[in-house]
Amino acid sequence: MITERQKQVLTKIVEEYIKTAEPVGSKNICKKINCSSATIRNDMASLEHMGYIEKTHISSGRIPSELGYRYYVDNLMEPSKMTGEDMLKLQTIFHNNSLEISDVIKKSIEVISEMTNYTSIVLGSSAKENKLKKIEVIPIEEEKIIALIVTDKGHVEHKNISIQNISITEVKKTVEVMNDLLMGTPLNEINTKLEFEIKPIIGKYVKQHELLYKAFYNAFSEFSKKHDTHFAGKTNFLGLPEFNTIEKVKNIISKFEDEELINSIEATQNGINIYIGRENKVDEDLAVITTKYIIDGKEETIAIIGPKRMEYNRVVTLLEYIKNNIGR
């Protein structure tokens, strides 16, 4: 059972470590809590035994464990107040009537990334909520084309397609048929129509129709799994002491480039969700805070990604401000 004084000690260790990224010693705690150094050391030993703090190999100080961060977030953290500067920056965006709501959200997370030095992500509507507007093809080499897929929401995807033994005339005719029959179809329903409506038609006049069919089938399969994702501050973590080796940097960059992994952090619960270390799906050295909001009846997600020693109370306050203003 953690005592009231031990709660104070844990709070000071978490908050000091968040600020400095340096292990916290008993003398530092004594300056903030009116207790003897011996008393603080005993409390720190108890907190370590309970698994809330850890001793590093380079110092006699302690750092919070994942369990310690979780206890702090759930039981000890107090909401922070937004500074006038932070509020002014965000109000300027929300009061700009010339911006579309999607642009307001993107600019808001860009400002949050600048203010916190963390990485922010907007996971917009998934591709299945987009409808096909048109398909265009651009020849790039003798036997290669780029297929551009444009949705009703202005989202554009492209795919390099090999057209070995298929003339560009046959390709364009196929695309013409697809545009006629597929326009307005949700992306996740297109492959069914491709198989049962488009394939029989193109089979009549395209010798290598099977290759062309498979190329577009695979392209739409990939696109239907995607979200409209917007990053801000993608490389901010490079300046954090937790990521001071090439291996760690490469690891985080590869995680951010993994679309399936990033899409998996989509918020599934209401309110603000905090995932610390191994609780999140991205990386055990990170913390992820998410919230979802609704635009045009569709749920979307904002995620803030930072180190485990993230300023949790500040990020929560900023996300709540953005969510409340989107609601208005």
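Me: In the hairpin of E5 and E6, which residue takes a positive phi near 85°?

Reply: The hairpin has four residues between its strands (strands, E, are DSSP runs of at least two residues, and helices, H or I, of at least four, numbered from the N terminus). The model is predicted, so local features need pLDDT of at least 70, side-chain atom pairs count only at pLDDT 80 or more, and totals for chains, interfaces and linings use all residues.

Me: How many bridges join strand E5 to strand E6?

Reply: E5 covers residues 144–151 and E6 covers residues 156–162, and the two run antiparallel. Two strands pair if DSSP finds at least two bridges between them. Val 150 stands opposite Val 156 in E6. The number of bridges joining E5 to E6 is seven.

Me: What is the span of H6 from its first C-alpha to its last?

Reply: Helix H6 comprises residues 101–116, a count of 16 residues. The expected span of a helix is 1.5 Å times one less than its number of residues. For H6 this expectation is 22 Å, and the helix comes close to it, reaching 22 Å.

Me: How many disulfides are counted?

Reply: A disulfide is a pair of cysteine sulfur atoms within 2.5 Å. Cys 30 is in none, since its nearest cysteine sulfur, that of Cys 35, is 7.5 Å away. Cys 35 is likewise in no disulfide, its nearest cysteine sulfur being that of Cys 30. The count is zero.

Me: Which residue has its backbone oxygen 2.9 Å from a polar atom of the side chain of Thr 317?

Reply: Thr 317 lies in helix H12, residues 312–327, and counts as buried because its relative accessibility is 14%. Leaving aside neighbours within four places in sequence, Thr 317 is in contact (heavy atoms within 4.5 Å) with Pro 79, Ser 80 and Met 82. The backbone oxygen 2.9 Å from the polar side-chain atom belongs to Ser 80.

Key:
Residues numbered from 1 in each chain as written. Heavy atoms only, no water. Buried < 20%, exposed > 50% of the residue type's maximum accessible area, 1.4 Å probe, protein only. Polar contact = N/O pair within 3.5 Å; in protein donor to acceptor, adjacent residues only side chain to side chain.
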